[in-house]
Amino acid sequence: EALNSLLMYCHNDRISIEQIPTKYTSGAEKLLVKALLGIEIPSGGFAIDVGVVCQNVATTKAIFDAVVDNKPLVSRIVTVTGSGVESPNNYEVRLGASFEHIVSMSNPNTNQHAIRMGGMMMGVDVETTRAPICKITNCIFVNNLETKPSTQECIRCGQCNQACPVDLLPQQLYWYAKSEDTDKAMDYNLADCIECRCCDYVCPSHIPLAEYFSFAKALHRKTTEDQYRTDIARERFEFREYRLERNKQERTEMMAAKKEELKKKMANDKEQKAKIAAAMARVKKTKQASDDA
Ligand code: SF4
Ligand code: SF4
């Protein structure tokens with residue numbers, strides 16, 4: 001329906017509307033660019049690195065509103081859905097409105113609920129419905145609360161490796177993330193993990209793999225930043241030491257030069273004094289001679 005509407009209203013030769021299969025993770029930037037343009041984004045890179053700007057519908061609409069209609073971003077479309085509501089729906093909601101108010105419009109049942117913001121797979125759990133709608137609140141899932149199965153040890157079945165849409169090795173990454181060996185995890189392209197949770201979904205041991213990967217990425221970022229700050233502090237310390245040593249050396253050289261100059265001046269003065277004394281003696285002698293005559 002959406003595609004037909006777009007095709008009906010699009011009369012611009014420079015815009016091409018394409019359809020790709022609706023399969024989870026196909027909306028991820030790297031996979032979308034590959035599917036639409038056949039361009040492979042290198043490991044650790046972004047779409048912009050290969051000259052592509054990748055924006056979602058809400059951002060594109062917000063840009064249009066701001067640039068064409070001079071309208072600031074004060075509202076957004078929010079989907080309310082899940083097993084805990086009777087009437088799932090899309091609403092245009094003012095930023096700052098409470099989750100509670102928006103959820104109440106979809107007739108929630110009386111059960112206890114687990115609230116999740118964003119996608120069911122990539123979203124985040126929200127503790128309370130008193131949170132406000134913000135620019136990134138695209139969807140609120142209201143699900144009946146269920147007991148989560150407990151986490152077991154990894155049985156090395158390899159199912160996570162097969163499920164990963166970006167060809168990583170989640171099983172291997174898990175061991176490195178768990179032992180906080182982030183350098184090794186980065187060697188295994190942890191930075192390319194899109195945290196889609198496909199590996200979590202298939203894991204028979206119910207290990208929250210994506211949470212480990214998200215933690216390992218944050219830890220690596222922090223370690224790198226700390227290392228950078230330490231390097232900068234060390235460089236500054238070394239330069240200060242070098243500057244102090246250089247100043248000391250310069251001062252010593254300057255003092256030695258001054259001493260030498262003073263010595264020369266004193267020697268000069270002594271010579272000058274001797275010359276004056278000799279001249280005076282000569283004058284005295286001449287005067288004595290003329291007086292005697
Ligand atoms: S799917 Fe789970 S149990 Fe199987 S190898 Fe991956 S992490 Fe281990
Ligand atoms: S969350 Fe798991 S499946 Fe998804 S990209 Fe990362 S490693 Fe691969």
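Which residues are around ligand 2? I looked this up in a predicted model, where local features need pLDDT of at least 70 and side-chain atom pairs count only at pLDDT 80 or more, while totals for chains, interfaces and linings use all residues. Residues are numbered from 1 along each chain as its sequence is written, chains are lettered from A and ligands numbered from 1 in the order written, and side-chain values use heavy atoms, with hydrogens and water left out.

**Ligand 2.** I listed Cys164, Pro165, Val166, Pro170, Cys193, Ile194, Glu195, Cys196, Arg197, Cys198, Cys199 and Phe213 around ligand 2 (a heavy atom within 4 Å of the ligand). This shell divides into 10 nonpolar, no polar and 2 charged residues.

**Ligand 1.** I found ligand 1 in the largest cavity; to sit there, more than half of its atoms must lie within 2 Å of the grid points. Around ligand 1 are Cys154, Ile155, Arg156, Cys157, Gly158, Cys160, Gln171, Cys203, Pro204, Ser205 and Leu209. I noted 7 nonpolar, 3 polar and 1 charged in this shell.

**Gln171.** Is Gln171 buried or exposed? Gln171 counts as buried because its relative accessibility is 15%, and buried means under 20% relative accessible area, exposed over 50% and partly exposed in between, with a 1.4 Å probe and protein chains only. Gln171 is placed in helix H6 (helices are DSSP runs of H or I, at least four residues, numbered from the N terminus). Leaving out residues up to four places away in sequence, Gln171 touches Cys154, Arg156, Gly158, Cys160 and Asn161 (contact is heavy atoms within 4.5 Å).

**Largest core.** Of its 17 residues, Leu168, Leu173, Leu190, Leu209 and Phe213 touch the most other members. Helix H6 (170–178) and helix H9 (209–292) each supply at least two residues of this core, and H6 gives the largest share, 4 residues.

**Pro21.** I looked at the loop between helix H1 (2–9) and helix H2 (29–37), where Pro21 is found. Pro21 is exposed, with a relative accessible area of 62%.

How values were computed:
Core = buried A, V, L, I, M, F, W, Y, C linked by side-chain atoms within 4.5 Å. Nonpolar A, V, L, I, M, F, W, Y, C, P; charged D, E, K, R; others polar. 1 Å grid on protein atoms, 1.4 Å probe; cavity = no way out; pocket = protein on both sides within 12 Å on 5 of 7 lines; lining within 4 Å.
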